[in-house]
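Here is a short note to read alongside the model, written for someone meeting it for the first time. Please keep the 3D view open as you go through the points.

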Amino acid sequence: MNQIVTSLLAGCRDAAHKAASLRAIMPGTPVLTASGPVPAEAILPGTRLITRSGMCPVLAIHRHSLATVAVVRLKAGSLGPGIPSQDLCLPTGQTLILPLVLPHRPGATGSIALRPRAQALPAHSLAAHGVCAQTEVLENATLLEFVLPGANYLQAASVQVLATEGPKV
């Protein structure tokens, strides 16, 4: 992590702690439903989302209004063409599935790193894996946490992100 971000987070330990425990996304993030992408804030309990293991109903949605929160920003297309489909802000502890082919570490212009299979990684570790991601602190942010049956990944902005685990239905 660069020194500016380290200093910013050092002055905002509460924000980093809150973000480390959240599995959430920002309002405005398109979430893939049975009828196509829908902004996260328009999703209601009972809506069926397309997840890593098929269609799953949303059991609950928790809104977190935070004075400050540490997030990782992924630029649109930073994981590949159209992935994510738009800039995506995730709490630092949010886990996402990386695609099989990723940009290589900085300095190896035009190279790609092939991975044997998709990997689940916390957002704060993306830069260490060669992904162009910026850590920043947002003020007066709202995050939406989706509760799905069992452990599952939902599709948000064309990226698979871990949802909060609810009871299996």
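**Notes on the predicted model**

1. Let us start with valine 31, which is buried, as its relative accessible area is 0%; buried means under 20% relative accessible area, exposed over 50%, and partly exposed in between, with a 1.4 Å probe and protein chains only. You will find valine 31 in strand E1 (residues 30-33). Helices (H or I, at least four residues) and strands (E, at least two) are DSSP runs, numbered from the N terminus. A word on how to read the model. It is predicted, so residues are numbered from 1 along each chain as its sequence is written, local features need pLDDT of at least 70, side-chain atom pairs count only at pLDDT 80 or more, and totals for chains, interfaces and linings use all residues. Side-chain values use heavy atoms, with hydrogens and water left out.

2. Now for the overall picture. The protein has two helices and 14 strands, and 44% of its 169 residues count as buried. Among contacts between residues at least 6 apart in sequence, 61% join residues at least 24 apart. The accessible surface comes to about 8,400 Å², and carbon and sulfur atoms hold 56% of that area; such areas come from the Shrake-Rupley method with a 1.4 Å probe, and for residues only the protein chains shown count as cover.

3. Which residues have the most contacts inside the largest nonpolar core? They are Ile25, Leu96, Phe146, Leu154 and Val161, in a core of 26 residues. A nonpolar core is a set of buried Ala, Val, Leu, Ile, Met, Phe, Trp, Tyr and Cys residues joined through side-chain atoms within 4.5 Å. The elements giving two or more residues to this core are strand E5 (60-74), strand E6 (88-91), strand E7 (95-98), strand E11, strand E12 (153-156) and strand E13. Of these, E11 gives the most, with three residues. There is also a second, separate core of 10 residues, including Ala24, Leu66, Leu138 and Ala141.

4. The structure holds one cavity of 30 Å³ or more, and the volume of the largest cavity is about 30 Å³. On a 1 Å grid over the protein atoms alone, a cavity is a set of points where a 1.4 Å probe fits but cannot get out, and lining residues have an atom within 4 Å of a point. Grid points are joined across faces, edges and corners, and a volume is the space filled by probe spheres set on the points. The lining is made up of Arg23, Ala24, Ile25, Gln94, Leu144, Phe146, Leu154, Val161, Leu162 and Ala163. Strand E11 (133-149) and strand E13 (159-162) are the elements that give two or more residues to this lining. By class, eight of the lining residues are nonpolar, one is polar and one is charged; here Ala, Val, Leu, Ile, Met, Phe, Trp, Tyr, Cys and Pro count as nonpolar, Asp, Glu, Lys and Arg as charged, and the others, Gly among them, as polar.

5. Not counting residues up to four places away in sequence, valine 58 touches Ile43, Leu44, Pro45, Gly46, Thr47, Leu49, Phe146, Val147 and Leu148. Valine 58 and proline 45 are 13 residues apart in sequence, and their C-alpha atoms are 4.9 Å apart in space.

6. Next, the loop between E5 and E6, where you can find both proline 84 and alanine 76. Isoleucine 83 and proline 84 are joined by a cis peptide bond, with omega about -5°. Is alanine 76 buried or partly exposed? Alanine 76 counts as partly exposed, because its relative accessibility is 41%. Leaving aside neighbours within four places in sequence, alanine 76 is in contact with Pro84, Ser85, Gln86 and Asp87.

7. Finally, the loop between E12 and E13 holds alanine 157 and serine 158. Alanine 157 has a phi near 55°, a positive value in a residue other than glycine, and serine 158 has a positive phi of about 70° although it is not a glycine. Alanine 157 counts as buried at 1% relative accessibility, whereas serine 158 is partly exposed, with a relative accessible area of 40%. Alanine 157 and alanine 76 are 81 residues apart in sequence and 8.8 Å apart in space, C-alpha to C-alpha.

Technical notes. Contact means heavy atoms within 4.5 Å. On a 1 Å grid over the protein atoms alone, a cavity is a set of points where a 1.4 Å probe fits but cannot get out, and a pocket is an open set with protein on both sides within 12 Å along at least five of seven lines; lining residues have an atom within 4 Å of a point.
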